[in-house]
Amino acid sequence: KGSKGEERRSKLESLGRMILEKMLLYQDEPIGDYIAFNLSLMGATDVSVLYDQDMWSSDAEEQKVSWPFIVRVNHPANIVVAPGYRWPYAYVIERQKRFVGELKADYFGWKPLTEDGLDAGLDDTDDVEVLIYWGRDGYAMFAGNNEVFQRPNALGIPPHVWSFSGLGHRSGDANPDAQAAGILRHVTSELESEIRIKTAADSVWVRYVWPALFGTIPEAEFQTKWSAGAGRYIAIHNMDEMPEFLPPPEINQGMWAMLPLLKSAIERATYSPVLEGQPGTAEYGVLYGMQLGQARLRVDAVRNAVERIYGRIIGIIVMYLEKLVLADGSKMDVYGKSLTASDIDGHYDFRVKFEALDAVDNDRRVQTGLAMRQAKAISQRTFLRDYAGVKDVDGEEEQMMVELAVDIAIAAGQLNPAIAAAVGNEEALKASKAGASAAPPARGAPYGDRLAGPVAGGAGPSPTARTTGQ
(Lines give C-alpha, C1' and ligand atoms only; values in the text may rest on other atoms or scores of the structure.)
Protein backbone atom coordinates (compact mmCIF):
# COMPACT_ATOMS: atom_id res chain seq x y z
CA LYS A 1 0.00 0.00 0.00
CA GLY A 2 1.00 3.62 -0.33
CA SER A 3 3.65 5.09 -2.56
CA LYS A 4 6.03 2.14 -2.13
CA GLY A 5 3.29 -0.28 -3.12
CA GLU A 6 2.47 1.74 -6.22
CA GLU A 7 6.15 1.91 -7.14
CA ARG A 8 6.48 -1.87 -6.73
CA ARG A 9 3.36 -2.44 -8.82
CA SER A 10 4.67 -0.14 -11.55
CA LYS A 11 8.00 -1.98 -11.64
CA LEU A 12 6.35 -5.40 -11.83
CA GLU A 13 4.00 -4.26 -14.60
CA SER A 14 6.99 -2.93 -16.56
CA LEU A 15 8.81 -6.20 -15.91
CA GLY A 16 5.84 -8.20 -17.23
CA ARG A 17 5.74 -6.15 -20.43
CA MET A 18 9.49 -6.55 -20.89
CA ILE A 19 9.23 -10.33 -20.44
CA LEU A 20 6.60 -10.52 -23.19
CA GLU A 21 8.79 -8.44 -25.48
CA LYS A 22 11.85 -10.58 -24.75
CA MET A 23 9.89 -13.77 -25.44
CA LEU A 24 8.83 -12.38 -28.80
CA LEU A 25 12.36 -11.23 -29.60
CA TYR A 26 14.45 -14.23 -28.53
CA GLN A 27 12.11 -17.19 -29.05
CA ASP A 28 12.20 -18.54 -32.60
CA GLU A 29 9.24 -20.74 -31.74
CA PRO A 30 5.90 -18.91 -32.14
CA ILE A 31 4.81 -19.60 -28.59
CA GLY A 32 1.36 -18.03 -28.75
CA ASP A 33 0.48 -19.75 -32.02
CA TYR A 34 1.61 -23.15 -30.74
CA ILE A 35 -0.33 -22.75 -27.51
CA ALA A 36 -3.52 -21.81 -29.36
CA PHE A 37 -2.98 -24.62 -31.89
CA ASN A 38 -2.62 -27.28 -29.17
CA LEU A 39 -5.61 -25.98 -27.25
CA SER A 40 -7.84 -25.79 -30.32
CA LEU A 41 -7.00 -29.11 -31.96
CA MET A 42 -5.81 -31.31 -29.07
CA GLY A 43 -7.74 -29.73 -26.23
CA ALA A 44 -4.73 -29.15 -23.95
CA THR A 45 -1.18 -27.88 -23.92
CA ASP A 46 1.88 -27.61 -21.71
CA VAL A 47 4.59 -24.96 -21.50
CA SER A 48 7.92 -25.33 -19.71
CA VAL A 49 10.11 -22.43 -18.60
CA LEU A 50 13.84 -23.09 -18.04
CA TYR A 51 16.72 -20.89 -16.88
CA ASP A 52 20.12 -20.96 -18.60
CA GLN A 53 22.57 -19.40 -16.16
CA ASP A 54 25.29 -19.19 -18.83
CA MET A 55 23.18 -16.63 -20.70
CA TRP A 56 22.82 -14.27 -17.71
CA SER A 57 25.04 -11.26 -17.17
CA SER A 58 24.86 -8.69 -14.40
CA ASP A 59 26.09 -6.01 -16.82
CA ALA A 60 23.23 -3.75 -17.92
CA GLU A 61 24.55 -3.38 -21.47
CA GLU A 62 24.90 -7.14 -21.97
CA GLN A 63 21.40 -7.66 -20.60
CA LYS A 64 20.04 -5.75 -23.57
CA VAL A 65 21.33 -8.37 -26.02
CA SER A 66 20.76 -11.58 -24.06
CA TRP A 67 17.90 -13.44 -22.41
CA PRO A 68 18.53 -16.35 -20.02
CA PHE A 69 15.08 -17.96 -20.12
CA ILE A 70 13.85 -20.66 -22.47
CA VAL A 71 10.11 -21.07 -23.03
CA ARG A 72 9.06 -24.21 -24.86
CA VAL A 73 5.60 -25.47 -25.85
CA ASN A 74 5.27 -29.24 -25.31
CA HIS A 75 2.91 -31.75 -26.83
CA PRO A 76 0.31 -32.53 -24.14
CA ALA A 77 0.57 -36.28 -24.80
CA ASN A 78 4.20 -36.17 -23.59
CA ILE A 79 3.34 -34.64 -20.21
CA VAL A 80 2.02 -36.25 -17.02
CA VAL A 81 0.78 -33.82 -14.39
CA ALA A 82 -0.01 -34.65 -10.77
CA PRO A 83 -3.71 -35.54 -10.24
CA GLY A 84 -5.93 -32.56 -9.64
CA TYR A 85 -4.15 -30.20 -12.07
CA ARG A 86 -3.76 -27.60 -9.34
CA TRP A 87 -1.01 -25.09 -10.07
CA PRO A 88 1.72 -25.10 -8.87
CA TYR A 89 1.77 -28.86 -9.40
CA ALA A 90 3.20 -31.42 -6.98
CA TYR A 91 5.14 -33.05 -9.81
CA VAL A 92 5.38 -33.13 -13.60
CA ILE A 93 6.89 -35.89 -15.76
CA GLU A 94 8.00 -35.04 -19.29
CA ARG A 95 8.79 -37.57 -22.02
CA GLN A 96 11.18 -36.85 -24.90
CA LYS A 97 13.08 -38.59 -27.68
CA ARG A 98 16.77 -37.70 -28.03
CA PHE A 99 19.80 -39.07 -29.88
CA VAL A 100 22.36 -41.11 -27.97
CA GLY A 101 25.24 -39.03 -29.30
CA GLU A 102 23.55 -35.81 -28.18
CA LEU A 103 23.13 -37.11 -24.62
CA LYS A 104 26.72 -38.36 -24.48
CA ALA A 105 28.01 -34.95 -25.56
CA ASP A 106 25.89 -33.10 -23.00
CA TYR A 107 26.34 -35.47 -20.05
CA PHE A 108 29.79 -37.04 -19.78
CA GLY A 109 29.83 -40.58 -18.42
CA TRP A 110 26.26 -41.48 -19.37
CA LYS A 111 25.57 -44.48 -21.59
CA PRO A 112 22.39 -46.40 -22.46
CA LEU A 113 21.79 -49.70 -20.67
CA THR A 114 19.55 -52.70 -21.16
CA GLU A 115 16.89 -53.66 -18.63
CA ASP A 116 19.45 -56.03 -17.08
CA GLY A 117 21.93 -53.17 -16.58
CA LEU A 118 24.26 -54.15 -19.40
CA ASP A 119 25.64 -51.89 -22.12
CA ALA A 120 22.93 -51.47 -24.77
CA GLY A 121 25.52 -50.95 -27.53
CA LEU A 122 23.51 -48.25 -29.31
CA ASP A 123 25.01 -46.03 -31.97
CA ASP A 124 25.15 -42.25 -31.63
CA THR A 125 22.42 -41.92 -34.28
CA ASP A 126 19.99 -44.14 -32.36
CA ASP A 127 17.35 -42.47 -30.24
CA VAL A 128 16.29 -43.29 -26.68
CA GLU A 129 13.33 -42.29 -24.56
CA VAL A 130 14.10 -39.58 -22.02
CA LEU A 131 12.04 -39.04 -18.86
CA ILE A 132 12.40 -35.80 -16.91
CA TYR A 133 10.89 -35.68 -13.43
CA TRP A 134 10.17 -32.29 -11.85
CA GLY A 135 9.23 -32.11 -8.16
CA ARG A 136 9.07 -29.27 -5.67
CA ASP A 137 12.43 -30.15 -4.10
CA GLY A 138 14.37 -31.57 -7.03
CA TYR A 139 14.42 -32.74 -10.62
CA ALA A 140 16.03 -35.70 -12.37
CA MET A 141 16.56 -37.08 -15.88
CA PHE A 142 16.50 -40.74 -16.91
CA ALA A 143 17.40 -42.04 -20.38
CA GLY A 144 18.13 -45.47 -21.80
CA ASN A 145 17.39 -47.27 -18.47
CA ASN A 146 20.07 -45.15 -16.80
CA GLU A 147 20.01 -42.10 -14.58
CA VAL A 148 21.48 -39.04 -16.27
CA PHE A 149 21.48 -36.66 -13.28
CA GLN A 150 19.59 -35.66 -10.14
CA ARG A 151 19.66 -32.09 -8.85
CA PRO A 152 17.87 -29.85 -6.33
CA ASN A 153 15.10 -27.57 -7.56
CA ALA A 154 15.86 -24.11 -6.22
CA LEU A 155 12.70 -22.72 -7.82
CA GLY A 156 10.47 -24.68 -5.45
CA ILE A 157 7.85 -25.64 -8.04
CA PRO A 158 7.90 -27.58 -11.32
CA PRO A 159 8.44 -24.92 -14.04
CA HIS A 160 5.52 -26.13 -16.12
CA VAL A 161 2.15 -24.62 -17.02
CA TRP A 162 -0.60 -27.00 -18.11
CA SER A 163 -4.03 -26.00 -19.34
CA PHE A 164 -7.09 -27.57 -20.89
CA SER A 165 -8.91 -25.80 -23.71
CA GLY A 166 -12.12 -25.16 -21.80
CA LEU A 167 -14.19 -26.58 -24.68
CA GLY A 168 -15.89 -29.25 -22.55
CA HIS A 169 -15.41 -32.90 -21.64
CA ARG A 170 -15.81 -36.04 -23.72
CA SER A 171 -17.06 -38.08 -20.77
CA GLY A 172 -17.56 -37.86 -17.04
CA ASP A 173 -14.50 -39.80 -15.91
CA ALA A 174 -11.22 -38.32 -14.66
CA ASN A 175 -9.18 -39.48 -17.65
CA PRO A 176 -7.16 -36.49 -18.94
CA ASP A 177 -7.98 -37.53 -22.49
CA ALA A 178 -11.68 -37.08 -21.71
CA GLN A 179 -11.03 -33.55 -20.39
CA ALA A 180 -8.83 -32.53 -23.34
CA ALA A 181 -11.60 -31.71 -25.80
CA GLY A 182 -10.57 -29.98 -29.03
CA ILE A 183 -12.57 -27.88 -31.44
CA LEU A 184 -13.07 -30.85 -33.82
CA ARG A 185 -14.62 -33.24 -31.29
CA HIS A 186 -18.15 -32.81 -32.70
CA VAL A 187 -17.22 -33.12 -36.38
CA THR A 188 -15.04 -36.23 -36.42
CA SER A 189 -17.52 -38.17 -38.56
CA GLU A 190 -17.90 -35.26 -41.00
CA LEU A 191 -14.14 -34.99 -41.42
CA GLU A 192 -13.82 -38.73 -41.98
CA SER A 193 -16.60 -38.61 -44.57
CA GLU A 194 -14.90 -35.71 -46.37
CA ILE A 195 -11.62 -37.64 -46.44
CA ARG A 196 -13.32 -40.74 -47.87
CA ILE A 197 -15.01 -38.73 -50.62
CA LYS A 198 -11.83 -36.96 -51.65
CA THR A 199 -9.84 -40.21 -51.49
CA ALA A 200 -12.37 -41.94 -53.76
CA ALA A 201 -12.31 -39.04 -56.22
CA ASP A 202 -8.51 -39.02 -56.22
CA SER A 203 -8.41 -42.77 -56.85
CA VAL A 204 -10.75 -42.42 -59.84
CA TRP A 205 -8.65 -39.56 -61.17
CA VAL A 206 -5.45 -41.60 -60.88
CA ARG A 207 -7.02 -44.42 -62.85
CA TYR A 208 -8.14 -41.91 -65.47
CA VAL A 209 -4.64 -40.46 -65.88
CA TRP A 210 -2.82 -43.82 -65.64
CA PRO A 211 -5.33 -46.44 -66.78
CA ALA A 212 -4.74 -50.19 -66.68
CA LEU A 213 -3.61 -51.87 -69.94
CA PHE A 214 -4.17 -55.56 -70.66
CA GLY A 215 -2.83 -57.69 -73.53
CA THR A 216 -0.93 -60.87 -74.50
CA ILE A 217 2.62 -59.45 -74.39
CA PRO A 218 4.68 -61.00 -71.56
CA GLU A 219 5.44 -58.60 -68.71
CA ALA A 220 9.23 -58.77 -69.24
CA GLU A 221 8.83 -57.90 -72.92
CA PHE A 222 6.34 -55.18 -72.10
CA GLN A 223 8.82 -53.45 -69.82
CA THR A 224 11.45 -53.22 -72.59
CA LYS A 225 9.27 -52.42 -75.61
CA TRP A 226 6.57 -50.07 -74.25
CA SER A 227 7.23 -46.56 -73.03
CA ALA A 228 5.85 -45.29 -69.73
CA GLY A 229 2.19 -44.42 -69.75
CA ALA A 230 0.06 -47.18 -68.32
CA GLY A 231 -0.52 -47.25 -64.60
CA ARG A 232 -0.76 -51.03 -64.55
CA TYR A 233 -0.31 -53.81 -67.12
CA ILE A 234 -2.26 -57.08 -67.01
CA ALA A 235 -0.98 -59.98 -69.12
CA ILE A 236 -3.73 -62.24 -70.54
CA HIS A 237 -3.11 -65.48 -72.45
CA ASN A 238 -5.13 -66.80 -75.43
CA MET A 239 -6.37 -63.33 -76.40
CA ASP A 240 -7.05 -62.55 -80.07
CA GLU A 241 -7.76 -58.81 -79.79
CA MET A 242 -5.23 -56.00 -79.72
CA PRO A 243 -4.13 -54.66 -76.31
CA GLU A 244 -6.52 -52.07 -74.94
CA PHE A 245 -6.97 -49.95 -71.87
CA LEU A 246 -9.56 -50.78 -69.24
CA PRO A 247 -12.10 -47.95 -68.99
CA PRO A 248 -11.81 -46.08 -65.65
CA PRO A 249 -14.92 -45.89 -63.46
CA GLU A 250 -17.15 -42.84 -63.68
CA ILE A 251 -16.95 -40.18 -60.97
CA ASN A 252 -20.11 -40.21 -58.91
CA GLN A 253 -21.52 -36.69 -59.03
CA GLY A 254 -23.48 -37.34 -55.86
CA MET A 255 -20.20 -37.32 -53.95
CA TRP A 256 -19.58 -33.70 -54.85
CA ALA A 257 -23.04 -32.72 -53.66
CA MET A 258 -22.10 -33.93 -50.17
CA LEU A 259 -19.01 -31.77 -49.84
CA PRO A 260 -20.84 -28.40 -49.33
CA LEU A 261 -23.07 -30.02 -46.71
CA LEU A 262 -20.06 -31.43 -44.86
CA LYS A 263 -18.26 -28.08 -45.03
CA SER A 264 -21.29 -26.27 -43.61
CA ALA A 265 -21.59 -28.76 -40.75
CA ILE A 266 -17.88 -28.42 -39.93
CA GLU A 267 -18.09 -24.62 -39.90
CA ARG A 268 -21.14 -24.58 -37.64
CA ALA A 269 -19.47 -26.87 -35.10
CA THR A 270 -16.08 -25.13 -35.12
CA TYR A 271 -15.52 -21.42 -35.84
CA SER A 272 -18.53 -19.51 -37.10
CA PRO A 273 -18.30 -17.78 -40.51
CA VAL A 274 -19.37 -14.50 -38.86
CA LEU A 275 -15.88 -14.23 -37.37
CA GLU A 276 -14.58 -13.92 -40.93
CA GLY A 277 -16.97 -11.08 -41.71
CA GLN A 278 -19.61 -13.22 -43.42
CA PRO A 279 -23.21 -12.44 -42.41
CA GLY A 280 -24.26 -16.10 -42.57
CA THR A 281 -28.01 -16.46 -42.20
CA ALA A 282 -28.53 -13.33 -40.09
CA GLU A 283 -30.87 -10.70 -41.52
CA TYR A 284 -31.03 -8.45 -38.46
CA GLY A 285 -28.40 -6.93 -36.22
CA VAL A 286 -29.66 -8.66 -33.07
CA LEU A 287 -29.46 -12.10 -34.70
CA TYR A 288 -26.03 -11.23 -36.04
CA GLY A 289 -24.92 -10.36 -32.53
CA MET A 290 -26.28 -13.67 -31.25
CA GLN A 291 -24.24 -15.56 -33.83
CA LEU A 292 -21.15 -13.67 -32.75
CA GLY A 293 -21.87 -14.59 -29.15
CA GLN A 294 -22.23 -18.26 -30.01
CA ALA A 295 -18.93 -18.22 -31.89
CA ARG A 296 -17.22 -16.48 -28.98
CA LEU A 297 -18.20 -19.34 -26.69
CA ARG A 298 -15.53 -21.33 -28.50
CA VAL A 299 -13.06 -18.57 -29.31
CA ASP A 300 -13.05 -16.94 -25.89
CA ALA A 301 -12.51 -20.26 -24.10
CA VAL A 302 -9.25 -20.80 -25.97
CA ARG A 303 -8.22 -17.16 -25.69
CA ASN A 304 -8.81 -17.14 -21.92
CA ALA A 305 -6.67 -20.26 -21.58
CA VAL A 306 -3.87 -18.63 -23.61
CA GLU A 307 -4.02 -15.51 -21.44
CA ARG A 308 -3.91 -17.57 -18.25
CA ILE A 309 -0.90 -19.52 -19.53
CA TYR A 310 0.97 -16.33 -20.40
CA GLY A 311 0.28 -14.90 -16.93
CA ARG A 312 1.75 -18.00 -15.30
CA ILE A 313 4.76 -17.99 -17.64
CA ILE A 314 5.56 -14.46 -16.49
CA GLY A 315 5.05 -15.56 -12.88
CA ILE A 316 7.56 -18.43 -13.24
CA ILE A 317 10.17 -16.13 -14.84
CA VAL A 318 9.71 -13.62 -12.01
CA MET A 319 10.21 -16.46 -9.50
CA TYR A 320 13.45 -17.35 -11.27
CA LEU A 321 14.55 -13.73 -11.00
CA GLU A 322 13.72 -13.56 -7.31
CA LYS A 323 15.17 -16.90 -6.17
CA LEU A 324 18.05 -17.49 -8.59
CA VAL A 325 19.03 -14.65 -10.90
CA LEU A 326 18.91 -11.67 -8.51
CA ALA A 327 19.32 -13.56 -5.24
CA ASP A 328 23.03 -12.64 -5.00
CA GLY A 329 22.30 -8.92 -5.08
CA SER A 330 22.48 -8.49 -8.86
CA LYS A 331 20.37 -5.89 -10.59
CA MET A 332 18.33 -6.05 -13.75
CA ASP A 333 17.59 -3.16 -16.06
CA VAL A 334 13.88 -2.77 -16.82
CA TYR A 335 13.27 0.08 -19.25
CA GLY A 336 15.97 2.19 -17.60
CA LYS A 337 14.97 1.36 -14.02
CA SER A 338 16.96 -0.90 -11.72
CA LEU A 339 15.18 -4.03 -10.45
CA THR A 340 16.42 -6.05 -7.46
CA ALA A 341 15.16 -9.14 -5.64
CA SER A 342 13.71 -6.95 -2.88
CA ASP A 343 11.46 -5.25 -5.46
CA ILE A 344 9.94 -8.63 -6.31
CA ASP A 345 9.70 -10.00 -2.75
CA GLY A 346 6.07 -10.53 -1.78
CA HIS A 347 2.88 -11.67 -3.46
CA TYR A 348 2.41 -11.08 -7.17
CA ASP A 349 -0.08 -12.30 -9.75
CA PHE A 350 0.30 -11.41 -13.42
CA ARG A 351 -2.67 -11.23 -15.77
CA VAL A 352 -2.30 -10.92 -19.53
CA LYS A 353 -4.99 -9.62 -21.86
CA PHE A 354 -4.73 -9.84 -25.65
CA GLU A 355 -6.55 -7.13 -27.60
CA ALA A 356 -5.94 -5.63 -31.02
CA LEU A 357 -4.35 -2.20 -30.81
CA ASP A 358 -6.20 -0.99 -33.89
CA ALA A 359 -9.99 -1.30 -33.86
CA VAL A 360 -9.94 -2.42 -37.50
CA ASP A 361 -7.66 -5.36 -36.60
CA ASN A 362 -10.11 -6.51 -33.93
CA ASP A 363 -12.71 -8.45 -35.92
CA ARG A 364 -14.95 -9.10 -32.92
CA ARG A 365 -15.10 -5.40 -32.08
CA VAL A 366 -15.96 -4.40 -35.64
CA GLN A 367 -18.63 -7.10 -35.95
CA THR A 368 -20.15 -6.15 -32.59
CA GLY A 369 -20.26 -2.50 -33.63
CA LEU A 370 -21.85 -3.45 -36.95
CA ALA A 371 -24.54 -5.45 -35.14
CA MET A 372 -25.24 -2.48 -32.84
CA ARG A 373 -25.38 -0.12 -35.80
CA GLN A 374 -27.83 -2.38 -37.67
CA ALA A 375 -29.98 -2.51 -34.54
CA LYS A 376 -29.93 1.35 -34.38
CA ALA A 377 -28.27 1.14 -30.98
CA ILE A 378 -25.43 3.52 -31.95
CA SER A 379 -25.03 6.30 -34.50
CA GLN A 380 -23.15 6.05 -37.74
CA ARG A 381 -20.61 8.55 -36.45
CA THR A 382 -19.87 6.41 -33.38
CA PHE A 383 -19.49 3.29 -35.50
CA LEU A 384 -17.05 5.00 -37.87
CA ARG A 385 -14.98 6.54 -35.08
CA ASP A 386 -14.93 3.85 -32.37
CA TYR A 387 -15.44 0.58 -34.26
CA ALA A 388 -14.33 1.05 -37.88
CA GLY A 389 -11.22 3.04 -36.95
CA VAL A 390 -11.93 6.03 -39.22
CA LYS A 391 -9.65 8.81 -37.97
CA ASP A 392 -11.16 11.76 -39.91
CA VAL A 393 -14.87 11.25 -39.30
CA ASP A 394 -15.79 14.81 -40.38
CA GLY A 395 -13.97 14.40 -43.68
CA GLU A 396 -15.61 11.03 -44.21
CA GLU A 397 -19.07 12.50 -43.60
CA GLU A 398 -18.38 15.32 -46.05
CA GLN A 399 -17.27 12.76 -48.63
CA MET A 400 -20.49 10.80 -48.06
CA MET A 401 -22.47 14.01 -48.59
CA VAL A 402 -20.66 14.58 -51.88
CA GLU A 403 -21.34 11.07 -53.12
CA LEU A 404 -25.01 11.31 -52.17
CA ALA A 405 -25.33 14.68 -53.91
CA VAL A 406 -23.79 13.26 -57.08
CA ASP A 407 -26.09 10.23 -56.92
CA ILE A 408 -29.13 12.49 -56.62
CA ALA A 409 -28.01 14.51 -59.63
CA ILE A 410 -27.42 11.37 -61.69
CA ALA A 411 -30.82 9.94 -60.72
CA ALA A 412 -32.44 13.21 -61.73
CA GLY A 413 -30.84 13.04 -65.17
CA GLN A 414 -28.79 16.19 -64.62
CA LEU A 415 -25.33 14.63 -64.53
CA ASN A 416 -23.65 12.02 -66.66
CA PRO A 417 -21.84 9.43 -64.50
CA ALA A 418 -18.70 9.66 -66.67
CA ILE A 419 -18.59 13.42 -66.19
CA ALA A 420 -19.03 13.06 -62.44
CA ALA A 421 -16.09 10.69 -62.29
CA ALA A 422 -13.93 13.00 -64.38
CA VAL A 423 -14.73 16.14 -62.37
CA GLY A 424 -13.63 14.59 -59.06
CA ASN A 425 -14.81 14.69 -55.50
CA GLU A 426 -13.31 18.05 -54.54
CA GLU A 427 -15.23 19.95 -57.19
CA ALA A 428 -18.39 18.06 -56.35
CA LEU A 429 -17.97 18.96 -52.67
CA LYS A 430 -17.76 22.64 -53.53
CA ALA A 431 -20.82 22.26 -55.70
CA SER A 432 -22.83 20.54 -52.98
CA LYS A 433 -21.94 23.25 -50.43
CA ALA A 434 -22.81 25.96 -52.92
CA GLY A 435 -26.07 24.25 -53.74
CA ALA A 436 -26.98 24.01 -50.07
CA SER A 437 -26.75 27.79 -49.56
CA ALA A 438 -27.74 29.23 -52.96
CA ALA A 439 -30.99 29.34 -54.87
CA PRO A 440 -31.52 26.80 -57.67
CA PRO A 441 -29.83 28.11 -60.85
CA ALA A 442 -31.22 28.25 -64.34
CA ARG A 443 -31.12 25.13 -66.48
CA GLY A 444 -28.21 26.47 -68.50
CA ALA A 445 -25.92 26.79 -65.48
CA PRO A 446 -22.58 24.94 -65.36
CA TYR A 447 -22.22 21.50 -63.80
CA GLY A 448 -20.88 22.73 -60.46
CA ASP A 449 -23.94 24.94 -59.84
CA ARG A 450 -26.52 22.41 -60.98
CA LEU A 451 -26.14 19.82 -58.25
CA ALA A 452 -28.97 21.42 -56.29
CA GLY A 453 -31.02 22.37 -59.36
CA PRO A 454 -34.56 21.28 -60.25
CA VAL A 455 -35.40 17.77 -61.38
CA ALA A 456 -35.02 17.09 -65.11
CA GLY A 457 -37.88 18.46 -67.09
CA GLY A 458 -38.85 20.91 -64.36
CA ALA A 459 -41.16 18.41 -62.68
CA GLY A 460 -41.26 18.45 -58.86
CA PRO A 461 -39.51 20.65 -56.33
CA SER A 462 -35.79 21.18 -56.29
CA PRO A 463 -33.71 19.27 -53.69
CA THR A 464 -33.29 21.23 -50.48
CA ALA A 465 -30.07 21.67 -48.57
CA ARG A 466 -30.99 18.78 -46.26
CA THR A 467 -31.71 16.25 -49.02
CA THR A 468 -28.63 17.31 -50.93
CA GLY A 469 -26.26 17.26 -47.97
CA GLN A 470 -27.40 14.03 -46.37
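Which residues line the second largest cavity? I'll answer that, then move to the pocket and the cores. Keep in mind that this is a predicted model.

The residues are Lys11, Ser14, Val334, Lys337, Ser338 and Leu339. The space inside comes to about 30 Å³, and a search of the whole structure finds two cavities of 30 Å³ or more. Both α1 and β13 (337-339) supply at least two residues of the lining, with β13 giving the largest share, three residues. By class, that lining splits into two nonpolar, two polar and two charged residues.

Next, the largest pocket. Its space is about 820 Å³. It has 25 lining residues, and Leu50, Tyr51, Trp134, Tyr139 and Arg151 are the closest to its centre. Elements that give two or more residues to this lining include β1 (44-51), β5 (127-135), β6 (138-143), β7 (146-152) and α9 (285-325). In terms of class, 15 lining residues are nonpolar, three are polar and seven are charged.

Now the cores. The largest nonpolar core has 43 residues, and Leu15, Ile35 and Ile313 have the most contacts inside it. At least two residues each come from α1 (2-26), α2 (31-42), β1, β2, α9 and β12 (332-334). The largest share, 15 residues, is from α9.

Take Ile313 on its own. Leaving aside neighbours within four places in sequence, Ile313 is in contact with Met23, Val47, Val49, Val71 and Val161.

Apart from that core lies another, of 13 residues, including Leu103, Val130, Trp134 and Ala143.

Note on methods: Residues are numbered from 1 along each chain as its sequence is written. This is a predicted model: local features need pLDDT of at least 70, side-chain atom pairs count only at pLDDT 80 or more; totals for chains, interfaces and linings use all residues. Side-chain values use heavy atoms; hydrogens and water are left out. On a 1 Å grid over the protein atoms alone, a cavity is a set of points where a 1.4 Å probe fits but cannot get out, and a pocket is an open set with protein on both sides within 12 Å along at least five of seven lines; lining residues have an atom within 4 Å of a point. Grid points are joined across faces, edges and corners, and a volume is the space filled by probe spheres set on the points. Helices (H or I, at least four residues) and strands (E, at least two) are DSSP runs, numbered from the N terminus. Ala, Val, Leu, Ile, Met, Phe, Trp, Tyr, Cys and Pro count as nonpolar, Asp, Glu, Lys and Arg as charged, and the others, Gly among them, as polar. A nonpolar core is a set of buried Ala, Val, Leu, Ile, Met, Phe, Trp, Tyr and Cys residues joined through side-chain atoms within 4.5 Å. Buried means under 20% relative accessible area, exposed over 50%, partly exposed in between (1.4 Å probe, protein chains only). Contact means heavy atoms within 4.5 Å.
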